[in-house]
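Please read it with the sequence and the coordinates at hand.

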Amino acid sequence: MSASVPNTLFETFFKAEARLFLLAGIRIALSEDGKDLTSLGIFEDSDLAVAHIVAKEDCVVAGLPLIALILEFAGCEFQHMLNVDEGERVSAGTMLAAIQGPAAHLLRTERVILNYLGHLSGIASLTARYVAALQGSRTTLLDTRKTLPGLRYPEKYAVLVGGARNHRLNLSEMLMVKDNHIDRAGGIAPAVAKLRQAYPDDCPPIEVECRTLAEVDEAVGAKVARIMLDNMDLALLGEALARIPQGIETEASGNVDLSNIAAIGAVGPDFVSVGRITHSAPAADLSMRISPLE
């Protein structure tokens, strides 16, 4: 067996800081399991096996490049073949990958591999449903920072696999002025002015969360990069959008789900951000079937 061609999106996304976080997460996941005393007590080093990863339900596959990384960190000498492409929509019963190596190592890494692939495939699958609901509109789906601690980068990568785009990866990529900032600073205008004063040479883009039309008008006056329209009903959202000139991006957010996202897209914000595509995505049901190498 031979490895698949490296996934371009995976290699592009997991660079520098993102890759460090990913590798640290894999180390922690393997360390949490400790020694697999059961497998070490039953199998010899010379006992080889083949493992097949199978989808037990329809899903969008995400995380296949992690298989090799996990096995490498486990110190496993292996060969593997990917049977589907990253981001491919597969049906129940599809064999996703085959791995050949020492039986004890395959069993030790089984749960870590399935945890990553199941979780990321679940996010990609749910994201794809939200993207499909927005088809025909001008609105782009974004994720949020509502991610599991330590899994920010893998989860946001899975969102990309599912067809959406990432909001800011961390607190330094965009300056987001939210209600607590606004209340503390005494308003949107003074909050934005303080930020521009604090970062005069390389100020990141500024986004302001607005709860009322008055706040929308104030954010427009401050000429921010993006205005987030928070928890607005469709009528208020439409009125707010009509007040925002071209050149300022718009983002709808708050209590968005599959029952209302199409209607929000029809009103026409540039973006809609949805936390539940990461924090509430059910894991895809995958299994690993291990058999002796003949």
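An α-helix has 3.6 residues a turn, so residues three or four places apart point the same way.

Helices (H or I, at least four residues) and strands (E, at least two) are DSSP runs, numbered from the N terminus. After α9 comes Lys223, whose phi is positive, near 55°.

## Basis of the model

The model is predicted, so local features need a pLDDT of at least 70 and side-chain atom pairs count only at pLDDT 80 or more, whereas totals for chains, interfaces and linings use all residues. Residues are numbered from 1 along each chain as its sequence is written, and side-chain values use heavy atoms, with hydrogens and water left out.

Arg243 lies in helix α10 and is partly exposed, with a relative accessible area of 35%. Not counting residues up to four places away in sequence, Arg243 touches Leu213, Val216, Asp217 and Val220, contact here meaning heavy atoms within 4.5 Å. Arg243 and Ala185 are 58 residues apart in sequence, and their C-alpha atoms are 24 Å apart in space.

Thr250, in strand β10 (residues 249-253), is buried, with a relative accessible area of 5%. With its neighbours within four places in sequence left aside, Thr250 is in contact with Arg226, Ile227, Leu241, Ile244, Pro269, Asp270 and Phe271.

## Packing of α2 against α5

Two packed helices are described by the angle between their axes and the distance between the axes. Helix α2 (residues 16-33) and α5 pack at an angle of about 135°, with axes 10 Å apart; the axes are lines fitted to C-alpha atoms, for helices over the stretch in contact, and angles run from 0 to 180 degrees between N-to-C directions. The two helices α2 and α5 are therefore oblique to each other, given that angles under 35 degrees count as roughly parallel, over 145 as roughly antiparallel, 65 to 115 as roughly perpendicular and the rest as oblique.

On the α2 side of this packing, Leu22, Gly25, Ile26, Ala29, Leu30 and Asp33 meet Arg108, Thr109, Val112 and Tyr116 of α5.

## The enclosed helix α6

Eight of the ten residues of helix α6 (residues 152-161) are buried, so α6 is largely enclosed by the rest of the structure. The buried residues are Tyr153, Pro154, Glu155, Lys156, Tyr157, Ala158, Val159 and Val161, and what covers them includes α1 (8-13), α2, β2 (59-60), α5 and α12 (276-279). Gly163, which follows α6, has a positive phi near 105°.

Most residues other than glycine have a negative phi, and most peptide bonds are trans. Ala16, which is not a glycine, has a positive phi of about 50°; Ala16 is placed in helix α2 and is exposed, with a relative accessible area of 64%. Asn231 likewise has a positive phi, near 55°, and sits in the loop between β9 and α10, where Asn231 is partly exposed at a relative accessible area of 45%.

## Core and overall form

The largest nonpolar core has 87 residues, and those with the most contacts inside it are Ile53 and Val208; such a core is a set of buried Ala, Val, Leu, Ile, Met, Phe, Trp, Tyr and Cys residues joined through side-chain atoms within 4.5 Å. Helix α5 (residues 103-133) gives the most to this core, with 13 residues. Beyond its neighbours within four places in sequence, Ile53 is in contact with residues including Ile67, Leu96, Ile113, Leu117 and Met288.

The protein has twelve helices and twelve strands, and buried residues make up 49% of its 294 residues. Its C-alpha trace spans about 70 × 40 × 30 Å along the principal axes. Among contacts between residues at least 6 apart in sequence, 71% join residues at least 24 apart.

Technical notes:
Buried < 20%, exposed > 50% of the residue type's maximum accessible area, 1.4 Å probe, protein only.
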